[in-house]
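Dear colleague,

I am handing over the structure we talked about, and my notes on it follow below. Please keep it open while you read.

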Amino acid sequence: MAEHSAPTADQLAAVTLNDDAPTYNSLKAEFSDRVPIRSIVSRPDGGAGLAGQKVRVGGWVKTGRKADKDAFAFLELNDGSCPQNLQVIIEASLADLGQIVPTGTCVVVDGVFKLPPPGKHQKVELRADAVVHVGPVDPARYPLPKTKLTLEFLRDFVHLRPRTNTISAVARIRNALAYATHTFFNKHGFLYIHTPIVTTSDCEGAGEMFQVTTLLSEAERLEKELVKNPPPSEAEVDEARQIVKEKGEAVAKLKASKASKEEIGASVMELKKAKENVSKLEERAKLKPGIPEKDGKVDYAKDFFARQAFLTVSGQLQVETYACALSSVYTFGPTFRAENSHTSRHLAEFWMVEPEIAFADLQDDMNCAESYVRFLCQWLLDNCLDDMQFMADKYDRTCIDRLKLVSSTPFVRTSYTEAVEILEEAVKKGKVFENKVEWGIDLASEHERYLTEVVFKKPVIVYNYPKGIKAFYMRLNDDSKTVAAMDVLVPKVGELIGGSQREERYEVIRDRIKEIDLPLEPYEWYLDLRRYGTVKHSGFGLGFERMLLFATGIDNIRDVIPFPRYPGRADL
């Protein structure tokens, strides 16, 4: 590659087409010496007004080709700031064109914006003056050629798949939804609380939790250590005890003979060392390979936290402690489920948004959930339309219309009992469901989607579910058969949000915990919230990846999280 002296940032900043044109510094990324492609191509004029400006850009080659008998190359460059590429033209005198045209190559160039010939789809292109950096790629080994790749194939290359159009668009949409989440809750006076990843509480009572333990690694370490340094025999321990006895007698003899303090002190020190040695030998003699047990069960008192611990399935129980002091709070973080499921809707690690509101009942909870979902949809329409358009073109032509529908339409609210009656009526008229419809069932995804896509054709909130299919912390209704729970159902994915008014009555929640055979001891702290200054409160959880499925129209949840974890896979 030919070496050329690149212009400095000061020199670049000094070059402008006219007084009204933006300067290089006004376009430049704040923390790197380049202009993001988004700030060029996302202008209302598509960047045409920048013609004549000198800039530095960097990115990865999407497609590259040599032209005019290898006199120059056309590159489609993308830096991840937006879905659009910037066309860059590089002459052969500036670089080895064979090295810069392969897909995946990283290139940083200085150049001047030019208007392309009439009839071209791009509004501006960059003519390179200097090639500042090349990160080459061996096309024979690069696993992401420019041919169309399936999302399933890309899961084998999670470290490289962000370079693809789809995964980079999903990343920007995910970022926008996260930012919108914090914006919404801050706007409404909620405090963001970091709840623990390691927990000793099972929020769902389902038992499908990843256990956190050091017992296995400790057992392996001990086994190796005992092979290398075997525990003492009983004879060795007895011998050490005999030495202690002898040292004790020696001290007694010195005292009886009124020996000097120095002699007695030295003898006492020898006795002390002998006792310490016995103690160590006795401890080592007790060591046995394997997992520590007590009364035939695993002895978790010997574990790292001195009790059983798990990866959290929800931050809800913990965040309630702050709601019962700070009123309006939310948590937003990873949660884990050890469910051996291979469906397109399940992950072992996923993210949840969980607000909790004191002095709020089920109606308040439903109002908050509806406002939040509508805010997210409008945010994407206002801030991510280019990426949403990509999704509409490539995956789901209805995704933008779906966002518009949800952002602008009041949600339907119907009781669980009414929803079951609607489904039963549909069955009578010939509708066939895979899962039987009757009062008391947990609505399946097909039932939820039928209600929201076919019956109401808009988002639906179903409330007052049978207590037998809901968690112990949900408030028991006056009929003693249902609880003040609610689910928000949306087209495409079915359930997006699950929430409830929490049971604030001490005796009622205590009895509910016993009823489902959960031990009281791990939940004593949770019961304390009801013992001391109990308050009506409500909350819900939104599955963040489900929101992404709903927004993008992508079918598999493994493709909307950066590093998917599911049975058999935990890459990186």
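Does Tyr179 count as buried or exposed? The model is a predicted one, and in it Tyr179 has a relative accessibility of 52%, so this residue counts as exposed.

A search of the whole structure finds 22 aromatic pairs, and one of them is formed by Tyr179 and Trp379, a tilted pair whose centres are 5.6 Å apart, with 55° between the planes. Because Tyr179 belongs to helix 6 (residues 165–187) and Trp379 to helix 11 (residues 362–383), this pair ties together parts that are 200 residues apart in sequence. Trp379, with a relative accessibility of 17%, counts as buried, since the cut-off for buried is under 20%.

Phe472 and Tyr523 also form an aromatic pair, which is edge-to-face, at 5.3 Å centre to centre and with 70° between the planes. Phe472 lies in the loop between strand 15 and strand 16, while Tyr523 lies in the loop between helix 16 and helix 17, 51 residues apart. Phe472 is buried at 1% relative accessibility, and Tyr523 is buried at 3%.

Tyr179 and Trp379 are also members of one aromatic cluster, which includes Phe184, Tyr330 and Phe540.

Two charged residues lie over rings: Arg402 is placed over the face of Phe550, 5.4 Å from the ring centre, and Lys481 over the face of Trp439, 5.3 Å from the ring centre.

Best wishes

Notes: Residues numbered from 1 in each chain as written. Predicted model: local features only at pLDDT ≥ 70, side-chain atom pairs only at ≥ 80, totals over all residues. Heavy atoms only, no water. Phe/Tyr/Trp six-rings, centres within 6.5 Å; stacked < 30°, edge-to-face > 60°. Helix = DSSP H or I, 4+ residues; strand = E, 2+ residues; numbered from the N terminus. Buried < 20%, exposed > 50% of the residue type's maximum accessible area, 1.4 Å probe, protein only. Lys NZ or Arg CZ within 6 Å of the ring centre and 35° of its normal.
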